[in-house]
There are 2 protein chains.
Amino acid sequence: MTQPIAVLGGTGPEGFGLALRWAQAGETVIIGSRDAQRAQSAADKIKQRVGASAKISGAENVVACGLADLLVLTIPFEGHVALLKQLKPALRPGSIVIDATVPLAASVGGRASRTLGVWQGSAAQETAELVPAGVAVVAAFQNVGAEMLNAEGPVDCDVVVCSDDIEAGRTVRKLAAGVAGVRAIDGGKLENARILEQITALMIGLNIRHKGHSGIRITGLPPAAYVGP
Amino acid sequence: MTQPIAVLGGTGPEGFGLALRWAQAGETVIIGSRDAQRAQSAADKIKQRVGASAKISGAENVVACGLADLLVLTIPFEGHVALLKQLKPALRPGSIVIDATVPLAASVGGRASRTLGVWQGSAAQETAELVPAGVAVVAAFQNVGAEMLNAEGPVDCDVVVCSDDIEAGRTVRKLAAGVAGVRAIDGGKLENARILEQITALMIGLNIRHKGHSGIRITGLPPAAYVGP
């Protein structure tokens, strides 16, 4: 990418792991958080791990949003609508909102291995309803576990990317393939995000049941279907 | 397995492929169909492919049900409730109904890459409501594509098995691991079947989009989580 990537909610383990991986890949990354100081401290940790050449900084979420056209949402579902409403005035046409949010029932005190029904079909489609015109929404990264991202070595997981904007989908597949080990796959329209979100709940259940950190690989597609190693 | 397996709807590509794989593994398999003659003809085809030692036969669905305590449902969703109502008097306590049914929107003229909402949560949970007391229901095999099953060589796909009956789940994981290449994984309670069913719709979409025959592998779990190679 030549563009900076803002990871909003990037002080949480999922966002932190993605920011780490992109910083390792040489991308310019801004960690966003409600608290600018926590964002800066997360950025410092990544700099320590990646090295002084890492292009990483931290900022309050809305400020981070103003600094990048590639925005990744890695926030708990209970903060999803509130953050999008807060970001709305800062979102510029032409920017891409990449939604990794999963509507886990844990958001309302239920289990992390179950999801809530979202009226629009998925958290990502909810996002599509809340962004201004001209902003593309892409669903991705729901199924890459934080533990895999924060561990050493390549990530043993594919990323299925869903969007109604073909060009934005292509950009995000390239971005996903920048995470070592990840292969990105075009999963079609944004409406399919509901399935990606459900898969996360299944994986969380598997992790609890089997005491592991599961990933998912899609087999059987022709090589051209995969972006990445 | 020491018990015969009846594959109901086994003249369709999915059931045929599973019957073929189990016959290859030396299991005793009965193909069930609405039409006994079509069932017999499918069994003959499998015998030709596997060899004269194959323990495979064909029968009308209810007759097939009477011959086995391991029953696999591989039928289109539009025939799901009707078949279960028909089978009910023939289902004996202690038997296991393995449901591979996916409520694709294609059942009502929609797309095969979308699902219908099922009141009980999933086709498999609908089955649980329709079987007599003492019959265990297990959800499995939704994500193993017919093309993979009917091709040569090992199947590049994992089978997640969900059931509220721990013993029945264990039996079905062994059965699944009898399909060359498959690793079976305990996916927890039957309620999780809804996610397995959704995954099939995603995979059908990927197959159409990328012109392939996709499978799914779960990575990152400890070796003990996988039954099979």
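Two strands pair if DSSP finds at least two bridges between them. Strands here are DSSP runs of E with at least two residues, helices are runs of H or I with at least four, and both are numbered from the N terminus. With that in hand, look at where A:Gly215 sits: opposite B:Thr219 in E9(B). That is one position in a pairing between the chains, where strand E9 (residues 215–219) of chain A is joined to E9(B) by five bridges, and the two run antiparallel.

Before I go on, some housekeeping. This is a predicted model, in which local features need pLDDT of at least 70 and side-chain atom pairs count only at pLDDT 80 or more, while totals for chains, interfaces and linings use all residues. Residues are numbered from 1 along each chain as its sequence is written, chains are lettered from A and ligands numbered from 1 in the order in which they are written, and side-chain values use heavy atoms, with hydrogens and water left out.

Now the interface. Taking contact as heavy atoms within 4.5 Å, 34 residues of chain B touch 34 residues of chain A. The size of an interface is often given as the accessible area lost when the parts come together. Here chains B and A bury about 2700 Å² between them, with 64% of it on carbon and sulfur atoms; buried area is the accessible area (1.4 Å probe) that two parts lose on being put together, summed over both.

How many salt bridges cross the interface of chain B and chain A? The rule finds four, a salt bridge being a side-chain nitrogen of Lys or Arg within 4 Å of a carboxyl oxygen of Asp or Glu. One salt bridge between the chains joins A:Asp186 to B:Arg209, with 3.3 Å between the closest N and O atoms.

Which elements of chain B supply at least two residues each to the side that touches chain A? They are strand E8 (183–186), helix H8 (193–210) and strand E9 (215–219). H8(B) gives the largest share, ten residues.

Next, inside the chains. Over all chains, the search finds 18 salt bridges. One of them is B:Arg49 with B:Glu152, whose closest N and O atoms are 3.4 Å apart. B:Arg49 is in helix H2 (residues 36–50) of chain B and B:Glu152 is in the loop between helix H6 (146–150) and strand E7 (158–163) of chain B, so the pair ties together parts 103 residues apart in sequence.

On to the sheets. In chain A, nine strands form an open sheet with mixed pairing, in the order E3-E2-E1-E4-E5-E6-E7-E8-E10. Why is one side of strand E3 (56–60) and of strand E10 (226–227) of chain A left without a neighbour in the sheet? Both stand at the edges, each with a single partner strand, so one side of each has no neighbour there. Within this chain, strand E5 (residues 96–99) runs parallel to E6(A), joined by four bridges. A:Asp99 has A:Ala139 as its bridge partner in E6(A).

Chain B also has an open sheet of nine strands, with mixed pairing and the order E3-E2-E1-E4-E5-E6-E7-E8-E10. Strand E1 (residues 5–8) and strand E2 (residues 28–33) of chain B pair in the parallel sense over four bridges. For B:Val7, the bridge partner in E2(B) is B:Ile31.

That is the end of my part.
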